[in-house]
Amino acid sequence: MADTRAKLLCKAGYNEALNGPGAVLGTKGGIVFPYTPVITTQTQVGYNKYDLTHTNYQPMAFSHSQAPMLQVTANFIQQSTEDVDYLLGALHFFRVVTKMNFGQEDPQRGTPPPVLEFSAYGPVNFSRVPVLVQGVSTTYPDDIDYILDSSGENRVPAMMTIALDLAVHYSPSKTRSTFSLNGFASGELYSRGFI
């Protein structure tokens with residue numbers, strides 16, 4: 001049976017977010033959300049309105065479809081030091097994937113943040129959808145217990161909610177060479193990351 005849990009994974013060849021505290025995520029290649037997150041999708045379609053004289057209703061002309069936005073709200077519940085280490089790894093992961101390479105000593109300087117792959121609930125829902133992390137929100141509440149990690153140096157809330165804004169990002173070359181409305185309507189493009 002296929003693993004249909006919600007996941008946000010690195011593409012092959014990108015490992016920076018899996019170093020340091022993120023090493024705990026390395027065996028999975030990114031984040032496998034431990035609890036079912038809330039996923040909200042939003043798709044916008046652009047139309048241009050034509051203002052004609054002496055008419056009550058303006059005609060609309062299709063302009064473009066925008067790539068969908070995904071909002072993922074995930075709970076992380078910590079009951080053990082392993083859970084705490086996993087949450088710290090996830091927080092580190094999000095901090096790294098929202099940064100570009102920078103600095104004189106970085107041979108990859110100027111490289112933008114990575115495109116990740118989001119999957120959840122099977123191929124017709126979300127299957128390796130290419131996404132950019134556009135926003136991360138976390139709250140450290142004051143009305144909950146905090147739990148220590150395995151090093152005994154870091155504490156995190158026993159429950160933390162992380163909200164993500166993910167922008168679906170298809171490269172122009174992939175869109176031109178792969179996408180067709182007939183292929184999408186047949187469902188075959190779901191397995192290639194299109195939604």
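Helices, of at least four residues, and strands, of at least two, are DSSP runs numbered from the N terminus. In these terms, Gln78 lies in the loop between β6 and α1. The model is predicted. Its protein chain comes to 3 helices and 11 strands, and 34% of its 195 residues are buried.

**Overall architecture**

- Read along the sequence, the elements of the protein chain follow the pattern β-β-β-β-β-β-α-β-β-β-β-β-α-α.
- The C-alpha trace of the protein chain spans about 75 × 45 × 40 Å along its principal axes.
- The protein chain exposes about 12000 Å², of which carbon and sulfur atoms supply 50%.
- Of the contacts in the protein chain between residues at least 6 apart in sequence, 64% join residues at least 24 apart.

**Strand pairing around β11**

- Strands β6 and β11 run antiparallel and are joined by 9 bridges.
- Within the pairing of β6 and β11, Asn75 has Thr161 of β11 as its bridge partner.
- Strand β8 also runs antiparallel to β11, with 7 bridges between β8 and β11.

**Helix α1**

- Helix α1 covers residues 81-97 and has 17 residues.
- From its first C-alpha to its last, α1 reaches 24 Å, close to the 24 Å expected at 1.5 Å a residue.
- Helix α1 is mostly covered, with 12 of its 17 residues buried.
- The buried residues of α1 include Val84, Tyr86, Leu87, Leu88, Gly89 and Ala90.
- Further along α1, Leu91, His92, Phe93, Phe94, Val96 and Val97 are buried as well.

**Nonpolar core**

- The largest nonpolar core has 40 residues, and those with the most contacts inside it are Leu8, Phe33, Phe93 and Phe118.
- Two or more residues of this core come from each of β1 (7-10), β2 (30-32), β6 (69-77), α1, β7, β8 and β11 (159-168).
- Helix α1 gives the most to this core, with 10 residues.
- Leaving aside neighbours within four places in sequence, Phe33 is in contact with Ala6, Lys7, Leu8, Val72, Ala74, Phe76, Phe118 and Leu164.
- Two of these partners of Phe33, Leu8 and Phe118, are themselves among the residues with the most contacts inside the core.

- Gln78 counts as buried because its relative accessibility is 4%, under the 20% limit for burial.
- The side chain of Gln78 reaches the backbone oxygen of Phe76 at 3.1 Å.

**Glu117 and Arg128**

- Glu117 lies in strand β7, and Arg128 lies in strand β8.
- Glu117 is buried because its relative accessible area is 15%, again under 20%.
- The side chains of Glu117 and Arg128 make a polar contact at 3.1 Å.
- Apart from neighbours within four places in sequence, Glu117 is in contact with Lys7, Leu8, Leu9, Lys11, Arg128 and Val129.
- Among these partners of Glu117 is Leu8, which is one of the residues with the most contacts inside the largest nonpolar core.

**Backbone phi values**

- Most residues other than glycine have a negative phi.
- Tyr121 has a positive phi of about 65° although it is not a glycine.
- Tyr121 is partly exposed, with a relative accessible area of 33%.
- Arg128 is another residue other than glycine with a positive phi, near 50°, but Arg128 lies in strand β8.

- Asn19 is found in the loop between β1 and β2.
- With a relative accessible area of 45%, Asn19 is partly exposed.
- Asn19 and Phe93 are 74 residues apart along the chain, and their C-alpha atoms are separated by 8.7 Å.

Key:
Residues numbered from 1 in each chain as written. Predicted model: local features only at pLDDT ≥ 70, side-chain atom pairs only at ≥ 80, totals over all residues. Heavy atoms only, no water. Buried < 20%, exposed > 50% of the residue type's maximum accessible area, 1.4 Å probe, protein only. Expected span 1.5 Å × (residues − 1). Core = buried A, V, L, I, M, F, W, Y, C linked by side-chain atoms within 4.5 Å. Contact = heavy atoms within 4.5 Å. Polar contact = N/O pair within 3.5 Å; in protein donor to acceptor, adjacent residues only side chain to side chain. Areas by Shrake-Rupley, 256 points an atom, 1.4 Å probe, with all protein chains shown as cover. Pairing = 2+ DSSP bridges.
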